[in-house]
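User: I would like a close look at one part of this model, namely its charged side-chain pairs. Please keep the answer connected and careful.
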Amino acid sequence: MGSADLDEETVVSAELGIKKTRGDTTFAASAYRYAYDGYIYADTLDQFEDFRLIQYTQADATFTGVEGEATHRFAPGLSATVFGDYVQAELDDGGDLPRIPAARLGARGDLVQGPWSGSLEYIRVFEQDRIADYETTTPGYDMVNATAAYDFDLGPVGAQVYVRGTNLLDERALNHASFISTLAPLRGRNFVLGLRARF
């Protein structure tokens, strides 16, 4: 791993957003574009099995993306949210930047009833096939998470006991932004039982 002599990295950015914060339906959405002069990144020059020759270098690059979230409250304590994000990162001289996260689209339902609360979340992470040299396409996957919680008083302190399950479908999920995505996939089906105290 090495680095060339690097100059100062500068960026010109533009972002347009819209937001609604009142009423039963709320949302926020934005689109952005970042034009970098001398963007610094880790460039893979060669690879042998799991070993990479990496040089930190810089080049002009442009990031273009969108992200958004919308929530509707059906009744007090009952709401649903949809969300998503996408970014495209390209070198101005041609080609894609390495380790750029894949697009995501998801939905979540939240319920609060007295001391009880819970949520159910589904996220679709799409295939990432806009890849740089020595990268491989990362397949898409579905992620389902759920949480159930109960609030109570613990003497003078507010407390919550909860159970959270992640990756309930036990999908093999790879993080394209990681150098070792194929060696260290995201955690499989997992459950956590916990206790929180609020002072």
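Which side chain does Arg124 meet in a salt bridge?

Analyst: This is a predicted model, in which local features need pLDDT of at least 70 and side-chain atom pairs count only at pLDDT 80 or more, whereas totals for chains, interfaces and linings use all residues. Residues are numbered from 1 along each chain as its sequence is written, and side-chain values use heavy atoms, with hydrogens and water left out.

The side chain of Arg124 meets that of Asp142 in a salt bridge, at 3.3 Å from N to O, the term denoting a side-chain nitrogen of Lys or Arg within 4 Å of a carboxyl oxygen of Asp or Glu. This pair links distant parts of the chain, since Arg124 lies in strand E7 (residues 116–125) and Asp142 in strand E8 (residues 141–154), 18 residues apart; strands here are DSSP runs of at least two residues, numbered from the N terminus. Arg124 counts as partly exposed at 26% relative accessibility, a class that falls between buried (under 20% relative accessible area) and exposed (over 50%), with a 1.4 Å probe and protein chains only.

The whole structure holds eight salt bridges. One of them joins Arg73 to Asp24, with the closest N and O atoms 2.7 Å apart, and it too connects distant parts of the chain, Arg73 being in strand E4 and Asp24 in the loop between strand E2 (10–20) and E3, 49 residues apart. Arg73 is partly exposed, with a relative accessible area of 45%, and Asp24 is also partly exposed, at 40%. Asp110 pairs with Arg108 in a further salt bridge, the closest N and O atoms being 3.1 Å apart, while Glu90, Asp96 and Arg130 are linked in a network of salt bridges.

Methods. Helices (H or I, at least four residues) and strands (E, at least two) are DSSP runs, numbered from the N terminus.
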